[in-house]
Amino acid sequence: MEDSLTRPSSPAGLSCYVAVSQLLGLTVIAMTGAWMGQYRGGIAWESALQFNVHPLCMIIGMVFLQGDALLVYRVFRNETKRSAKILHGLLHAFALVIALVGVIAVFDYHRKKGFADMYSLHSWCGITAFSLYFIQWLMGFSFFLFPGTSFSLRSRYKPQHVFFGVFLLVLSIATCLLGIKELLLFNIQTTYSSFVPEGILANILGLLLIVFGLVIGYILTWDEWKRPPLAEELALSMDFKTLTKGESPSCSQ
């Protein structure tokens, strides 16, 4: 009973915004699947439809799962810090794997069709986002999950890790918007200005991607919704500070 009283409750409004973010994310995935299925012929690996694997995987991995991974410390407020770290890392790992499938799909498709690679702004931003995302995951694992990393080193790296986490989500969404525009110009350039259904669907998809990013960003930057340290985490932090000053933990009041 006492433990439940000391656990911080979820702040007012947080659950609502998190629910909105999930609804937006799932809607974006569903719309991407509908676009590929209704207007681009569907999704398959061993056929001309292999390209369609790319947009769906990139939106699932680099947008939806990446956004969810960033929300872990806001949503799971009463779990241990280590549990939250593991979930945070696993979600990012799943996002990387799914995004890698999307990257392989588009390069393999280009190779089979004899198309050029890496010439557009979309592709440059995309490979940059994926590469930095992989490096970010490796750095996060090394600093926060790998045993033996000092507390002071983690503390110094944490602001950079948080900044690049938000930056990579923004870059990923911007890259998706470039990809949507590029795909529309390749496929319906002559009819795009006539407000054809495919163009309208893709435009709405782009707007929803932006709104998804805004909601995630709002949740992450609202100070009142930050995950407060649990009692045991505060005790460990105080003990560390005391020890670094050359005192015994038992001396602290």
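Visitor: What pattern does the chain follow, read along the sequence?
Guide: This is a predicted model, where local features need pLDDT of at least 70, side-chain atom pairs count only at pLDDT 80 or more, and totals for chains, interfaces and linings use all residues. Residues are numbered from 1 along each chain as its sequence is written, and side-chain values use heavy atoms, with hydrogens and water left out. Helices (H or I, at least four residues) and strands (E, at least two) are DSSP runs, numbered from the N terminus. The chain has 8 helices and 0 strands, and its pattern reads α-α-α-α-α-α-α-α.

Visitor: Where does UniProt place the feature "transmembrane region"?
Guide: The entry is unreviewed. Positions follow the numbering used here, feature names are shortened, and annotations may be inferred rather than shown by experiment. UniProt lists residues 12–33, 53–74, 86–107, 127–149, 161–180 and 200–220.

Visitor: How far apart are the end C-alpha atoms of residues 12–33?
Guide: Residues 12–33 are 91% helix and 0% strand. Their end C-alpha atoms are separated by 34 Å.

Visitor: Are H3 and H4 roughly parallel or roughly antiparallel?
Guide: Axes are lines fitted to C-alpha atoms, for helices over the stretch in contact, and angles run from 0 to 180 degrees between N-to-C directions. Under 35 degrees counts as roughly parallel, over 145 as roughly antiparallel, 65 to 115 as roughly perpendicular and the rest as oblique. The axes of H3 (residues 53–75) and H4 (residues 81–113) come within 8 Å and cross at roughly 170°. H3 and H4 are therefore roughly antiparallel.

Visitor: How many residues of the contact of H6 with H7 are nonpolar?
Guide: The axes of H6 (residues 151–188) and H7 (residues 197–221) come within 10 Å and cross at roughly 175°. Ala, Val, Leu, Ile, Met, Phe, Trp, Tyr, Cys and Pro count as nonpolar, Asp, Glu, Lys and Arg as charged, and the others, Gly among them, as polar. The contact has 1 charged residue, 4 polar and, as nonpolar, 14.

Visitor: Is Val-53 buried or exposed?
Guide: Val-53 sits in helix H3. Buried means under 20% relative accessible area, exposed over 50%, partly exposed in between (1.4 Å probe, protein chains only). At 8%, Val-53 is buried.

Visitor: Which residues is Val-53 in contact with, leaving aside neighbours within four places in sequence?
Guide: Contact means heavy atoms within 4.5 Å. With those neighbours within four places left aside, the partners of Val-53 are Ile-43, Ala-44, Trp-45, Val-101 and Ala-105.
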